[in-house]
Amino acid sequence: MDKPIFPTIALLIVLVIVQVLVCNNIMLFNVAMAFVFIYVIIRLPMDFSINWLLTCGFLSGLLVDMFADTPGVNALSCTLLAMLKRPMLYAYIPRDDRTKNIVPSLTTLGFAVYGKYLFSMSVVYCLLAFTIEYFNFADVKEIVIMSAASAILTFLILLGIDSLISRKDFK
């Protein structure tokens, strides 16, 4: 890990505050909610320790849960998302020495690979969060609609955040 962890922690705090104060209070067309705080889990370097990755995922989800009155939904979803981070990225790129230390972003992976990775992670998180929140399959249609709409909205917002951060990192 070449980069220090403090900018990542600062970004996580900012995104959790944005999630709690803004995104949790906006439901687009009563079906789509943006989950911006998962960006930090998605963006962490691939050589980041799995223990720290799971801890970071759990704590970020727990922070959002504390302020959103969703007991454990985001904590469990973020922990599972952190577990699936490596297999999801390595489904799109070869696993070798060049990709071992990569930081997933638009500039390092290119739009095609990063877009697939980001969209997959958004879909997985939204499906997990809404399935755990409803906790039954009586409303499968509603779960699928809300998950799909939220995944698309989350993908677009995270793509915008990444393009802003990536541009700032390389100037």
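Helices here are DSSP runs of H or I with at least four residues, numbered from the N terminus. By that count, phenylalanine 29 sits in the loop between helix 1 (6–21) and helix 2 (39–43). The model is a predicted one.

**Helix 3 against helix 4**

- Helix 3 spans residues 50–68, and helix 4 spans residues 73–90.
- Their axes come within 7 Å of each other and cross at roughly 155 degrees.
- Angles over 145 degrees count as roughly antiparallel, so helix 3 is roughly antiparallel to helix 4.
- The crossing of the two helices is right-handed.
- Helix 3 makes the contact through Ile50, Leu53, Leu54, Gly57, Phe58, Ser60, Gly61, Leu62, Val64 and Asp65.
- Helix 4 answers with Val73, Asn74, Ala75, Cys78, Thr79, Ala82, Met83, Lys85 and Arg86.
- By type, the residues of this contact divide into 11 nonpolar, five polar and three charged.

**Two loop residues with positive phi**

- Phenylalanine 29 has a phi near 55 degrees, a positive value in a residue other than glycine.
- Its place is the loop between helix 1 and helix 2.
- Phenylalanine 29 has a relative accessible area of 73%. Exposed means over 50%, so phenylalanine 29 is exposed.
- Aspartate 69 is not a glycine either, and its phi is positive at about 60 degrees.
- Aspartate 69 lies in the loop between helix 3 and helix 4.
- With a relative accessible area of 69%, aspartate 69 is exposed.

**Aromatic pairs around tyrosine 125**

- Five aromatic pairs turn up in a search of the whole structure.
- One of them joins phenylalanine 35 and tyrosine 125, with ring centres 5.1 Å apart and planes at 70 degrees. Planes over 60 degrees apart count as edge-to-face, so this pair is edge-to-face.
- The pair links distant parts of the chain, 90 residues apart. Phenylalanine 35 is in the loop between helix 1 and helix 2, while tyrosine 125 belongs to helix 5 (residues 106–134).
- Buried means under 20% relative accessible area. Phenylalanine 35 counts as buried because its relative accessibility is 6%.
- Tyrosine 125 is at 0% relative accessibility, so tyrosine 125 counts as buried too.
- Phenylalanine 37 also pairs with tyrosine 125. Their ring centres are 5.9 Å apart and their planes stand at 90 degrees, so the pair is edge-to-face.
- Phenylalanine 37 lies in the loop between helix 1 and helix 2, and tyrosine 125 in helix 5, so their pair ties together parts that are 88 residues apart in sequence.
- Both phenylalanine 37 and tyrosine 125 are buried.
- Ring pairs join Phe35, Phe37, Tyr125 and Phe130 into a cluster.

**Leucine 118 in helix 5**

- Leucine 118 is a residue of helix 5.
- Its relative accessibility is 0%, so leucine 118 counts as buried.
- Leucine 118 is in contact with Ile42, Phe155, Leu158 and Leu159, leaving aside neighbours within four places in sequence.
- Leucine 118 and leucine 158 are 40 residues apart in sequence. In space, their C-alpha atoms are 8.0 Å apart.

Notes: Residues numbered from 1 in each chain as written. Predicted model: local features only at pLDDT ≥ 70, side-chain atom pairs only at ≥ 80, totals over all residues. Heavy atoms only, no water. Axes fitted to C-alpha atoms, helices over the stretch in contact; angles between N-to-C directions. Parallel < 35°, antiparallel > 145°, perpendicular 65-115°, else oblique. Left-handed = near helix turned anticlockwise from the far one by under 90°. Contact = heavy atoms within 4.5 Å. Nonpolar A, V, L, I, M, F, W, Y, C, P; charged D, E, K, R; others polar. Buried < 20%, exposed > 50% of the residue type's maximum accessible area, 1.4 Å probe, protein only. Phe/Tyr/Trp six-rings, centres within 6.5 Å; stacked < 30°, edge-to-face > 60°.
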